[in-house]
Protein chains: 2
Amino acid sequence: MRLRNKPWAKELIAQHPELIQVQPSHFHPNFEKAQPLRLEIGTGKGQFIYTMAQQHPNMNFIALEMQESALAVLLKQQVATPLPNLQLLVANADHLVDLFSDDQVSEIYLNFSDPWPKTRHEKRRLTYASFLTQYRRILTPTGVLQLKTDNRHFFEYSLMSMNHFGMHFAELSLDLHHDTTAWAMTNVTTEYEDKFAAKGQPIYGVRATFESPLD
Amino acid sequence: MRLRNKPWAKELIAQHPELIQVQPSHFHPNFEKAQPLRLEIGTGKGQFIYTMAQQHPNMNFIALEMQESALAVLLKQQVATPLPNLQLLVANADHLVDLFSDDQVSEIYLNFSDPWPKTRHEKRRLTYASFLTQYRRILTPTGVLQLKTDNRHFFEYSLMSMNHFGMHFAELSLDLHHDTTAWAMTNVTTEYEDKFAAKGQPIYGVRATFESPLD
């Protein structure tokens, strides 16, 4: 998602180092409590992660997004109604293993990531093997990678990539909004997801781990 | 698929032991040539397998179906216009390892199999682990299991089951009839598939192997 540049974004960000970190070499937690950490990669304007943080006060959440002008929208909300278990992070997903320590994260969310449809851009897809390698490092051994998308080819690609990486599918839905599973019933949507689902198109989703429960 | 009983079926079957075997303890090939063997499980009336056998004279095909009255429709066609590389087999898929030798089959087709939606019937689904165990035995090491279905929950289940079994996805489509891959462009349809796709609903498909190409 590309947003118009917001002239006020830089200043707001500079005023709130307690809420948002900009391209640090390592992420230094600034949460009220030490509790399990969940990370969204590509937060956009933040409807999903803000709602998740509201609903789960017993967990900490990080909203990672490389576009300052998108994340500044969430920052505004967080300044107005701060949640002590939500931190914002302007960073590129290429360097997750520098930003986070091994086993630091219990769940990673990829929501409607850029599908990068051209084959020559495969390496940029957030489910390309090099990204999975990073997720495996920063996730706890039983940690979950959760992905939602409306893009059929990106979902097909992601299932293949996870399968080839040896990941274990814990849940899989080809129409999450018409399921009655616990995941579907508690699904927190993104702004984009609301718009897209209103057209009646399916939302695809998968939850997968790097170790099978039997290992 | 349930068909009305056909009074002529039993007699026609009895007249053509050279074309059809009924619940043998082991399948004894009766092909003109020794060449790679492909097996459809749940043939129904046989549009798919007959067309495949026509298109691939350099391979042998077996149409396996437990309902005599369905397979008798294919038998009629095979009597009228015989293909030397097609054999019919009335049998239950529960005993594949008795019917076939290890490594005898190079490709298995599951087309629009009964989804058995109730959880208590999971063991009857043709992608339940006990069936995958049999497929692995009778397939060659690089052999392929190809599945097509219109049933979302059966497809979700099958992907999970194959993934948990350690199978490797070679191809995956969530809308095979709108793809432009080699598989999609050469896809041979079943009777049911034609009717279903005409409604504009997606056909799901996966091709998977028991060994990854990297093993």
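Glu107(A) sits opposite Val144(A) of strand β6 in chain A, and Leu110(A) has Leu147(A) as its bridge partner in that strand. These pairs belong to the contact between β5(A) and β6(A) (residues 139-149), a parallel pairing with six bridges; two strands are taken to pair if DSSP finds at least two bridges between them. Strands here are DSSP runs of E with at least two residues, helices are runs of H or I with at least four, and both are numbered from the N terminus. This is a predicted model, with pLDDT of at least 70 needed for local features and 80 or more for side-chain atom pairs, while totals for chains, interfaces and linings use all residues. Residues count from 1 along each chain as its sequence is written, chains are lettered from A and ligands numbered from 1 in the order in which they are written, and side-chain values use heavy atoms, with hydrogens and water left out.

β5(A) also pairs with β2(A), again parallel, through four bridges, and Glu40(A) stands opposite Tyr109(A) of β5(A). Six of the seven β5(A) residues are buried, so the rest of the structure largely encloses this strand. Buried stands for under 20% relative accessible area, exposed for over 50% and partly exposed for anything in between, using a 1.4 Å probe and protein chains only. Zooming out, the strands form an open, mixed sheet of eight in chain A, ordered β1-β4-β3-β2-β5-β6-β8-β7. Its edges are β1 (20-22) and β7 (168-173) of chain A; each has a single partner strand, so one side of each is left without a neighbour in the sheet. Neighbouring strands are turned against each other by 15° on average, direction ignored. In a regular strand, side chains alternate between the two faces of the sheet.

Helix α3 (residues 68-80) of chain A lies across β1, β3 and β4 (86-90) of that chain and runs at about 160° to β4(A). For such angles, axes are lines fitted to C-alpha atoms, for helices over the stretch in contact, and values run from 0 to 180 degrees between N-to-C directions. In helix α2 (residues 47-55) of chain A, the buried residues are Phe48(A), Ile49(A), Tyr50(A), Met52(A) and Ala53(A). Their cover includes β2 (37-41), β3, α3, β4, β5 and β6 of chain A.

Glu65(A) is part of strand β3 (residues 60-65) in chain A. With a relative accessibility of 8%, Glu65(A) is classed as buried. A polar atom of the Glu65(A) side chain lies 3.1 Å from the backbone nitrogen of Gln67(A). Leaving out residues up to four places away in sequence, Glu65(A) touches Gly42(A), Thr43(A), Gly44(A), Ala70(A), Leu71(A), Leu89(A), Val90(A) and Ala91(A), where contact means heavy atoms within 4.5 Å.

Nonpolar side chains tend to be buried together in soluble globular proteins. Here the largest nonpolar core has 74 residues, and Phe100(A), Tyr135(A), Phe100(B) and Tyr135(B) touch the most other members. Such a core is a set of buried Ala, Val, Leu, Ile, Met, Phe, Trp, Tyr and Cys residues joined through side-chain atoms within 4.5 Å. Beyond four places in sequence, Tyr135(A) has contacts that include Ile41(A), Leu96(A), Ile108(A), Leu110(A) and Phe210(A).

At 14% relative accessibility Phe112(A) is buried, while Trp116(A), at 26%, is partly exposed.

Over in chain B, Leu37(B) belongs to strand β2 (residues 37-41) and is buried, with a relative accessible area of 7%. Leu37(B) and Phe48(B) are eleven residues apart in sequence, with their C-alpha atoms 15 Å apart in space. Among the residues that Leu37(B) touches are Phe31(B), Phe61(B), Phe100(B) and Glu107(B).

As for the two copies, chain B superposes on chain A by a rotation of 180° with 0.0 Å of shift along the axis (RMSD 0.0 Å). That is the relation of a two-fold axis. In chain B, Asn163(B) has the C-alpha nearest the axis, 3.3 Å from it. The superposition is by least squares on the C-alpha atoms of residues with pLDDT of at least 70 in both copies. The copies meet through the same surface, because 100% of the interface residues of chain B are also interface residues in chain A.

Key
A polar contact is a pair of N or O atoms within 3.5 Å; within protein, one must be able to donate a hydrogen and the other to accept it, and residues adjacent in sequence count only if both atoms are side-chain atoms.
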